Amino acid sequence: MIHDDRVLRRKVTFIYALLAGVSRARSAARDSRWFYAVTLYGGNDATLDDLREAVTTLEDAERTARRVLGGAHPTTVGIECDLQPARAALRAREETPSSET
């Protein structure tokens, strides 16, 4: 029976390590989308398409973060804080007459 307990402990430890790795990978993917979107809308040379992509990406990241981490988590709050100026920049650009599509 002792042998079975050791094997079980090793398996459980392995599964926890595996899940932690998956969690870190998902977190990195979510954060990289967030940073990509901020880069898109943050520059003065952002096109209308850049702004649209940034808002869409941030909205998707915010929904995912809210579902996985909760609304009060610092990552979710940070994405929301970046989403507001991205939306404002998009609205301002859409209201400004331009030859850009």
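Leaving aside its neighbours within four places in sequence, which residues is V55 in contact with? They are L83, A86, R87 and L90. Contact here means heavy atoms within 4.5 Å.

Before I go on, a word on the model. It is a predicted model, where local features need pLDDT of at least 70, side-chain atom pairs count only at pLDDT 80 or more, and totals for chains, interfaces and linings use all residues. Residues are numbered from 1 along each chain as its sequence is written, and side-chain values use heavy atoms, with hydrogens and water left out.

Back to V55. V55 sits in helix α2. Helices are DSSP runs of H or I with at least four residues, numbered from the N terminus. V55 counts as buried, because its relative accessibility is 6%. The scale is this: buried is under 20% relative accessible area, exposed is over 50%, and partly exposed is in between, with a 1.4 Å probe and protein chains only. V55 and Y41 are 14 residues apart along the chain, and their C-alpha atoms are separated by 8.2 Å.

Now the helix pair. Two packed helices are described by the angle between their axes and the distance between the axes. Helix α2 covers residues 48-69, and helix α3 covers residues 74-95. They pack at about 155°, with axes 9 Å apart. The axes are lines fitted to C-alpha atoms over the stretch in contact, and the angles run from 0 to 180 degrees between N-to-C directions. So α2 is roughly antiparallel to α3. The cut-offs are under 35 degrees for roughly parallel, over 145 for roughly antiparallel, 65 to 115 for roughly perpendicular, and oblique for the rest.

The crossing of α2 and α3 is left-handed. That is, the near helix is turned anticlockwise from the far one by less than a right angle.

Who makes the contact? From α2, the residues include L48, L51, V55 and L58. From α3, they include I79, L83, A86 and L90. By class, this contact has 12 nonpolar, 2 polar and 9 charged residues. Nonpolar covers Ala, Val, Leu, Ile, Met, Phe, Trp, Tyr, Cys and Pro; charged covers Asp, Glu, Lys and Arg; the others, Gly among them, are polar.

Next, the charges. Side chains of opposite charge can pair when their charged atoms come close. A salt bridge is a side-chain nitrogen of Lys or Arg within 4 Å of a carboxyl oxygen of Asp or Glu. The count by this rule is 6 salt bridges.

Take R66. Its side chain meets that of E62 in a salt bridge, at 2.8 Å from N to O. Both residues lie in helix α2, 4 residues apart, about one turn of the helix. E62 is buried, at 12% relative accessible area. R66 is partly exposed, at 39%.

R66 also meets E80 in a salt bridge, at 2.0 Å from N to O. E80 lies in helix α3 and R66 in helix α2, so this pair ties together parts that are 14 residues apart in sequence. E80 is partly exposed, at 24%.

Then R52 and D49. They form a salt bridge too, at 3.7 Å from N to O. They are separated by about one helical turn, because they sit 3 residues apart in helix α2. Both count as partly exposed: R52 at 35%, and D49 at 45%. D49, R52 and E94 are linked in a network of salt bridges.

Last stop, Y36. Y36 lies in helix α1, residues 2-42. Y36 is partly exposed, at 41% relative accessible area. Y36 and E53 are 17 residues apart in sequence, and 9.8 Å apart from C-alpha to C-alpha.

Methods
Helices (H or I, at least four residues) and strands (E, at least two) are DSSP runs, numbered from the N terminus.
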